[in-house]
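The entries are in the order in which I looked things up.

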Amino acid sequence: MGIFIREERLYVTQPIKAHQETLGVLTLSFNLKHLSMEIAQRRRLIFVLNSLALMLGIFVAFYLSGLLTKPLRRLSQAALQISKGERGIQVPVEHKDEIGILAHTFNQMSKSLMDSKRKLEKYNRTLEQKVEERTRKLKEANRELANNGATITKMLKDLNSINQELSATKSQLENIFKSVVDRAIITIDTEGKITFYSKTSELIFGYETEEVVNKRWIQEFFVQNENFVFILLEHTREAGIYKGEAEMIRRSKQAFPAMVTITPLKGREGAFTGYTLIIEDITQKKETEENIRLLSLAIESATDGAVVIDLDGKILFVNRSHAHMHGYEPYEMIGRFQKDFYPRSYWPLVDRAIQQVLTEGRWSAELEEPRKDGSTFPAQISASLIKDPHKKPVGILGICKDISEKKKMELEILRSNRELSALNTIASTVSQTLNLQEILKRSLNIMLELTRSPAGWIFLIDDERKNEMKLTTHQGLSQRFIEEELKLPQERCLCWEVVRSQKPRLLNITECPRLSRSSIQEEKLTCHLAIPLRSKDQVLGVMNLGWQSKKEFCETELRFFTSVGNGIGIAVDNALLFEDVEKAKKKLQKLNQKLEEASQIKSEFLANTSHELRTPLNSIIGFLGLVLDGYCVNTQEEREFLANAQQSAKQLLSLINDLLDLAKIEAGRMEMELGEVDLKSVFEEVHSLTRVQAQQKKLKLSFLCGNHPNPRVYADLAKLRQVLINLVGNAIKFTTKGKIEVKSWVREEKGNVLIQVKDEGIGIPRHMQDGLFEKFRQVDSSASRRHGGTGLGLTITKNLVEMMGGMIKLESPGEGKGTSVSFTLPIYREAKEVEFLSRDKNLGKIRRGRNNLLALIVEDDPIFSQYIENLLQNEGYATLVAKTADDAVTLAKDFHPQIILLDFSLPQKTGGELKNGKQILATLYKHPDTSHIPIIVITGQDLDLVKKELRSSEVEQPPLVLSKPIDQKVLLAKIDAELSQVEEEMTSCEVD
């Protein structure tokens with residue numbers, strides 16, 4: 001996995017692998033600018049949340065203003081009633097603030113209007129009475145006019161007096177109209193001319209009285225056209241009165257809403273004389289009503305709860321949010337006491353909160369608020385005192401904010417901080433040491449403390465056996481569990497599921513087939529969290545944290561545990577790497593030491609070889625020179641000189657042959673002609689060649705075939721002779737007195753012949769025995785040693801024996817106690833290679849055995865197939881080898897083997913149909929000629945995965961599966977068991 005930044009972009013790469021092959025690379029690209037923008041958006045979100053909190057405060061203020069504008073609403077309602085014609089309306093004055101003064105003024109105005117109305121009615125009645133009286137008098141005067149001129153003069157005076165009274169009454173009415181300060185009063189005649197225009201009208205419309213009086217101006221005050229105005233007046237004349245809203249316009253062309261009341265005027269004898277218009281500017285009223293509506297909507301739509309209680313604790317108002325967050329409807333709460341919604345244990349707290357608000361003006365706290373269903377939720381409660389304009393407390397406003405999400409966020413932040421702290425602690429701890437046990441122990445202790453787990457243990461995957469885990473570190477567990485765990489067989493364990501998925505998993509201990517049978521149940525642990533320790537996409541082990549009660553973890557916590565496991569896994573990987581480096585250092589030191597020793601031995605060998613080669617060569621040259629120069633006295637002396645030269649030449653040839661044999665062996669060019677060898681004949685031949693040397697030293701030399709009179713071995717005749725001559729020659733060389741025995745034992749149970757060469761010579765010190773089969777190694781390498789030789793004999797002998805399929809061993813009780821060299825060779829089984837007949841003659845070779853049981857080996861690795869072949873041939877099986885899936889099916893159908901050993905992973909044959917071992921199984925089990933053949937699958941893959949794949953395939957009865965490396969005894973036992981089962985089935989069928 002790779003991470004890098006290029007051109008303001010973040011790249012994350014991950015190889016895509018399948019069956020250990022890289023198919024491609026997955027690359028994720030992130031724009032760093034976009035990431036920055038995302039962070040900025042998060043910041044803006046925080047700003048929006050703060051703004052919402054500010055708006056909430058404004059909403060509360062609006063609500064408070066609603067409480068304060070309650071008297072205004074009363075005034076508005078009273079004014080509306082007055083506008084509908086009701087008189088004498090009074091508004092209760094509750095306070096002495098500005099609203100109270102306004103209410104008092106309104107009451108005075110209402111009273112004044114009532115008085116004015118009464119006076120107008122009184123004056124109208126008086127005026128009518130006077131007019132009727134004057135009319136009556138005028139009639140009487142007219143009747144008397146002819147009779148009495150003086151009476152006419154008197155009547156004129158009375159009429160002047162009446163006119164004066166009428167003028168006074170008119171002036172008084174005008175003064176009354178002028179005293180109405182919030183409404184425009186306009187009168188018009190029947191022709192639409194304005195006859196009266198009050199001062200308030202001047203303020204409302206902006207026209208002066210002189211501009212509009214005695215003019216048909218009324219239609220200029222309405223936004224609607226002239227027809228609308230006269231239709232309205234006509235309607236009023238017929239209906240008697242009109243009251244409604246209309247849109248008016250000022251001189252400045254500014255439109256405004258108004259409440260218009262039109263009343264028809266009637267003169268003497270009920271004659272229609274005009275109209276009276278009372279116009280009220282309701283712009284502020286409309287704005288107030290809209291503000292009240294918006295404030296009410298704001299409070300109702302607020303996410304936080306709002307509640308108003310009186311000083312006795314009775315709820316006067318709740319918004320919908322407050323009621324719903326407590327599980328109620330608003331009507332269920334209004335009118336009840338606040339205490340009714342809390343358990344009795346809360347009542348003292350409620351009393352103290354109310355008392356604090358009354359004394360200090362405010363109170364706040366975080367509480368677990370109860371709901372109707374009995375549950376609770378965390379809330380931030382704040383309360384403040386509500387006062388009237390005279391600073392007198394009238395109620396308490398409470399704000400309830402549900403902080404569940406805030407609490408969750410705080411817990412999440414706390415958890416994140418704790419996790420980051422744990423990660424930092426682990427990183428800091430493991431970075432201080434490269435000791436594996438110290439890293440595991442510290443990491444486990446930190447995780448136990450963080451998760452409050454009573455016990456924990458760590459498994460690491462075995463480096464050699466990848467399908468096994470071993471207990472490495474533990475804490476809080478009994479010694480019995482530790483001892484059992486170390487001894488438990490590596491059976492199927494749920495921890496392997498965690499290894500394969502590479503993800504933490506909470507496991508039930510009772511469901512784990514491995515742990516449920518161990519003494520961990522005595523620890524009273526019911527579950528454990530398995531955390532994979534991963535490094536470089538490879539799981540190195542599993543950390544387990546146990547609990548006595550059931551646990552649950554969210555995805556965030558599991559991601560944290562994944563990070564912890566990755567951190568510990570990297571530290572473990574580094575520690576293992578450090579251990580490997582230390583082991584490699586020690587190994588290199590040993591190798592350097594060995595190289596130095598080898599260099600010294602090689603130098604000594606070169607010196608000795610030079611001496612050993614020159615000694616016989618000098619003898620040859622010297623004796624031949626004496627013969628050629630005529631120094632021989634007679635023919636007998638000449639023959640003696642030539643015989644000595646010949647002996648030295650043979651010695652020289654032996655040394656040269658040793659050097660050439662070693663060179664061939666190291667170059668891999670030593671050829672073997674393996675076949676049947678009569679061991680008794682070889683003994684007789686070697687005895688005749690070495691007898692003279694033994695007799696010269698007066699040693700007793702004997703060759704004996706032990707438990708078999710004429711053993712036959714599978715070997716190379718010449719190389720076997722060379723081995724025996726070398727070993728017997730060494731025995732004669734290093735033995736001064738006593739005897740030398742060469743003996744053989746036939747071991748049928750092991751399929752080999754043991755040959756031993758034992759002497760009573762100088763022996764070998766124990767500390768020098770291990771290296772004698774190495775090149776150039778001798779017991780005594782000094783130049784003055786008594787015995788010659790290059791030190792290559794045993795090295796060549798060991799290589800020749802192993803090339804013939806045997807093993808060699810040297811034993812000596814100690815210096816002066818003789819030496820025994822023994823080696824083994826395979827017994828000759830009368831086996832021969834023949835080409836088998838099939839559709840493809842190049843598929844393989846069959847080796848026929850003596851018991852006529854044929855085993856088909858399906859394996860593409862030549863070394864491993866050769867190993868299985870040799871193993872089975874030694875047990876008497878005939879063998880047949882196939883290297884591809886198609887070849888295996890062909891051979892099985894043609895030769896009908898008694899058993900098939902199948903490698904699960906095979907290469908596909910060019911142009912073939914089958915790809916792998918699973919397809920071979922399906923094909924063989926379906927074919928009637930091969931369905932009965934027992935099959936043993938041998939695989940180097942994960943054993944559990946192969947078994948799982950076989951169970952999910954088309955194979956009805958999955959075969960036996962063995963894992964590489966193969967235990968010889970186990971493999972042979974399984975083969976015998978499979979063949980025995982087939983034989984029993986056949987016997988059963990025959991009996992039936």
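My notes go from the whole chain to single residues.

**Ground rules**

I am working with a predicted model, so local features need pLDDT of at least 70 and side-chain atom pairs count only at pLDDT 80 or more, while totals for chains, interfaces and linings use all residues. Residues are numbered from 1 along each chain as its sequence is written, and side-chain values use heavy atoms, with hydrogens and water left out.

**Whole chain**

I looked up the secondary structure and found 25 helices and 32 strands in the protein chain. Helices (H or I, at least four residues) and strands (E, at least two) are DSSP runs, numbered from the N terminus. The protein chain has 992 residues, and 39% of them count as buried. Buried means under 20% relative accessible area, exposed means over 50%, and partly exposed is in between (1.4 Å probe, protein chains only). I then took the contacts (heavy atoms within 4.5 Å). Of those with a separation of 6 or more, 56% are between residues 24 or more positions apart.

**Cavities**

How many cavities of 30 Å³ or more does the structure hold? I noted 5. A cavity is a set of points, on a 1 Å grid over the protein atoms alone, where a 1.4 Å probe fits but cannot get out; lining residues have an atom within 4 Å of a point. Grid points are joined across faces, edges and corners, and a volume is the space filled by probe spheres set on the points.

The largest cavity has a volume of about 290 Å³. I found 21 residues in its lining, with Gln338, Tyr342, Trp363, Ile381 and Ala383 nearest the centre. Elements that each give at least two residues to this lining include helix α11 (347-360) and the strands β9 (305-309), β11 (362-370), β12 (376-387) and β13 (393-402). By class, the lining has 17 nonpolar, 3 polar and 1 charged residues. In this scheme Ala, Val, Leu, Ile, Met, Phe, Trp, Tyr, Cys and Pro are nonpolar, Asp, Glu, Lys and Arg are charged, and the others, Gly among them, are polar.

**Nonpolar core**

I next looked up the largest nonpolar core, which has 37 residues. Such a core is a set of buried Ala, Val, Leu, Ile, Met, Phe, Trp, Tyr and Cys residues joined through side-chain atoms within 4.5 Å. Phe683, Leu720, Leu724, Val728, Ile755, Phe823 and Leu825 have the most contacts inside this core. Its largest share, 7 residues, comes from helix α19 (residues 717-733).

I followed Phe823 further. Leaving aside neighbours within four places in sequence, Phe823 is in contact with Leu720, Val723, Leu724, Leu727, Val753, Leu754, Ile755, Val801, Met807 and Ile808.

**Cysteines**

I searched for disulfides (pairs of cysteine sulfur atoms within 2.5 Å) and the structure holds 0. Cys632 has a relative accessible area of 17% and is therefore buried. Cys705 is buried too, at 16%.

**Helix α22 and what follows**

Is helix α22 (residues 885-895) mostly covered or mostly open? It is mostly covered, with 9 of its 11 residues buried. Among the buried ones are Ala885, Asp886, Val889 and Phe895. The cover over its buried residues includes β28 (854-858), β29 (878-882), β30 (899-903) and α23.

His896 comes after α22 and sits in the loop between α22 and β30. Its phi is positive, about 50°, although His896 is not a glycine. Most residues other than glycine have a negative phi. His896 is partly exposed, at 36% relative accessibility.

I checked Gln919 in helix α23 (residues 917-926) as well. Gln919 counts as partly exposed because its relative accessibility is 29%.

Lys698 has a positive phi near 55°. I placed Lys698 in the loop between α18 (679-696) and β20 (700-705). At 75% relative accessibility, Lys698 is exposed.

**Two more residues**

His474 lies in strand β15 (residues 469-475) and is partly exposed at 32%. Glu329, in the loop between α9 (320-325) and α10 (330-333), has contacts with Arg320, Ala323 and His324, neighbours within four places in sequence left aside.

Conventions
1 Å grid on protein atoms, 1.4 Å probe; cavity = no way out; pocket = protein on both sides within 12 Å on 5 of 7 lines; lining within 4 Å.
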